[in-house]
Amino acid sequence: MLLKIAWRNIWRSRLRSLVVMGAIVIGAWAVLFLAGFQGGFVEGYVRNAIENQVSHLQVHHPGFREEKKIDFLIEGIDAKVAQLLENKTIKSATARTIVNGMLSSSKGARGVFINGVNPNTEPTVTKVHETIIDGDFLNQNKRNPILVSKKTAEKLKLKVRSKVVLTFQDKDNEILAGSFRVIGIFETSNAKFDEVNAYVVKKDVDRLLGFENQGHELAMLLNEPDSLLAAQEVISALLPDLKTETYQEISPDVRLFESQIQSSAYIILVIFMLALIFGIINTMLMAVLERTRELGMLMAVGMNKVKVYTMVVLETIMLGVIAAPLGIILAYLTINYFNKKGIDLSAYSEGMKEFGMAEMVYTTIAPSMYWQLGVAVFVTAVLASLYPAYKAISLRPVEAIRAI
Amino acid sequence: MKIIEIQNIKKTYNPDTVPVRALRGVDLEISKGEFTAIVGPSGSGKTTLLNIIGGLDKPDTGTVNINGTDVIKLSDNEMINFRRENIGFVFQSYNLIPVLTAKENVEFVMLLQNRDSKERESRSKSMLEAVGLSDKLDKRPAELSGGQQQRVAVARALAGTPAFVLADEPTANLDSESTANLLDIMAQLNDEEGMTFIFSTHDQRVIDRARRVVTLVDGNIESDVRK
Ligand SMILES: Nc1ncnc2c1ncn2[C@@H]1O[C@H](COP(=O)(O)OP(=O)(O)OP(=O)(O)O)[C@@H](O)[C@H]1O
Ligand SMILES: [Mg+2]
């Protein structure tokens, strides 16, 4: 009977019930969609970082990453690439020589990391070749080609085919110089990265440095990104004298970014929940006050406080039982839609590029979040009805009905 | 058999601000089977007295014994349960739960009393029949006239098998035909089932039907006449 009364009471004032249900639907949807957006945002950032720069795993001389000394070398690097590729967990691998140098044109000079890469295997590991906006990717047949970023090109007034000079020190601190020709201009979504990187063919820079079958870095992608830590162990065992690190170790900012996004999402979540709570307290309080006389009569004829309380809370529970799943379904549909279509942030991406963010966000969420956040919104709604229910039982029947 | 015994009750509203001495020392005894009207000018304390008899309010001083229980000692929740088991109420208005049908409204008190569904079913039907509404079982209050609603309230009050029924101006919102009709039903239930009724009224025609008339003036009982 309580259920029956509560259920019918809901339909007594349709508009008010619709307001409460609307608040719950929107609350559940917003909270889930926000989580999905956040998930997509972080995933996009991590994917970008992996694809453009860090790959899944990198191998260096143990001291190299701390102090980029030119003689922290990996010896026999070609054989090591071949050895890595034999391992089934590894999808692709490439070797690099990295030196800190100066890139100069007639208009000026800039300090850059000169990445000597293998034009054939580099594209299997990173997507630098897809970020070329003018000219072509590196090519073994050309003499001393170089890829510079759009930013560097602008600063140094470079175009495709412009000539530049690279200067750097070899391991005996001798200054070396080589003349290179711009073959292409690249632009990734990470402006900071672009500013300090240039690409040349590994063989060209090796020749200048006198390297033979040597280099500084091995980078690889895995077949199963989830088995990151297992793969790290395998490779550490395979190359015991070198240091194998995951992208999380190499780019701790990925982690930091993830937690920052998470905490801002929590703040928005709390704001939504508070709005929901106040909306529901308000409407349910109105529903209770409107029925003062009726509630007084119910208590006068012997309905005890527990029952009156239950009845009021039941009304919100019922609204929540209808509305929360609707919100979840709505969220599921929109998250799936934008998971395929993506949300275009290019209008804002000038600012975002500074942080290495993708222009498209593909919403994504762990399936368990649907019921977890759905339940959280439902529970919030029910908690919000406790106060109006408490108000209902604090009415004194004599005052509620002026005449018996 | 006395079912209500009250002695020297006093009640003052707003004792700290603008004190209103609503009852100034009232003694009253009511026996089983009586059909009593509480009358008196507006503001004389009728409602206050009925609220105290009904366990909806407590006096400042005095003793209130209802159906053998000293109700002043009861807590709020005990009071609610006491009312549920012992007292039938008919209010002037807002008597019924608007979202329930006439029959469901009558069943409601029995449900609070945890009676089984068979008994609820048969008793709610027979009570509504007793008040002449067997054709309105499934109507909601909004679909009934004021007089019909009051009759449903009487049926509901009786359904809980109370010791007595309290009604504060039950006919105040009714036309004369409905008033006569409601009084007929109450008198009949008093005759046939021996149900005790205590009601307040301003209406001379209602006063004429009472078998005992208690007149209140300024919070004191001025006269108590049995016909
Ligand atoms: N809750 C209250 N607070 C303050 N004063 C009250 C309250 N209830 C009643 N009174 C006052 O107490 C006195 C008695 O009121 P009561 O309602 O008992 O009279 P009544 O005989 O029922 O009057 P009526 O015929 O108008 O219904 C009146 O002066 C009234 O104004
Ligand atoms: Mg009154």
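Domain bounds here come from an automatic or database domain assignment. For chain A that assignment gives domain 1 (2-49 + 254-400) and domain 2 (62-241), and the C-alpha centres of these two domains of chain A lie 50 Å apart.

Before going further, a word on conventions. This is a predicted model, in which local features need pLDDT of at least 70 and side-chain atom pairs count only at pLDDT 80 or more, while totals for chains, interfaces and linings use all residues. Residues are numbered from 1 along each chain as its sequence is written, chains are lettered from A and ligands numbered from 1 in the order in which they are written, and side-chain values use heavy atoms, with hydrogens and water left out.

Let's start at helix α1 (residues 2-12) of chain A, which packs against helix α2 (residues 14-54) of chain A at an angle of about 100°, their axes 5 Å apart. Helices (H or I, at least four residues) are DSSP runs, numbered from the N terminus; axes are lines fitted to C-alpha atoms over the stretch in contact, and angles run from 0 to 180 degrees between N-to-C directions. The angle therefore makes α1(A) roughly perpendicular to α2(A) (65 to 115 degrees; under 35 counts as roughly parallel). Ile10(A), Trp11(A) and Arg12(A) of α1(A) make the contact with Arg14(A), Ser17(A) and Met21(A) of α2(A), where contact means heavy atoms within 4.5 Å.

Arg12(A) also forms a salt bridge with Glu294(A), with the closest N and O atoms 2.6 Å apart. A salt bridge is a side-chain nitrogen of Lys or Arg within 4 Å of a carboxyl oxygen of Asp or Glu. This pair links distant parts of the chain, since Arg12(A) sits in helix α1 of chain A and Glu294(A) in helix α11 (residues 292-300) of chain A, 282 residues apart. Over all chains, the count comes to 32 salt bridges.

Further along, helix α14 (residues 367-384) of chain A packs with helix α15 (residues 386-394) of chain A at about 25°, with axes 4 Å apart. That angle makes α14(A) roughly parallel to α15(A). Here Val382(A), Leu383(A) and Ala384(A) in α14(A) meet Leu386(A), Tyr387(A) and Pro388(A) in α15(A).

Now turn to where the chains meet. The contact takes 34 residues from chain B and 25 residues from chain A. About 2,700 Å² is buried between them, 68% of it from carbon and sulfur atoms; buried area is the accessible area (1.4 Å probe) that two parts lose on being put together, summed over both. Four salt bridges cross this interface of chain B and chain A. Asp76(B) and Lys305(A) meet through their side chains in a salt bridge (3.6 Å, N to O).

Notes
Helices (H or I, at least four residues) and strands (E, at least two) are DSSP runs, numbered from the N terminus. Angles under 35 degrees count as roughly parallel, over 145 as roughly antiparallel, 65 to 115 as roughly perpendicular and the rest as oblique.
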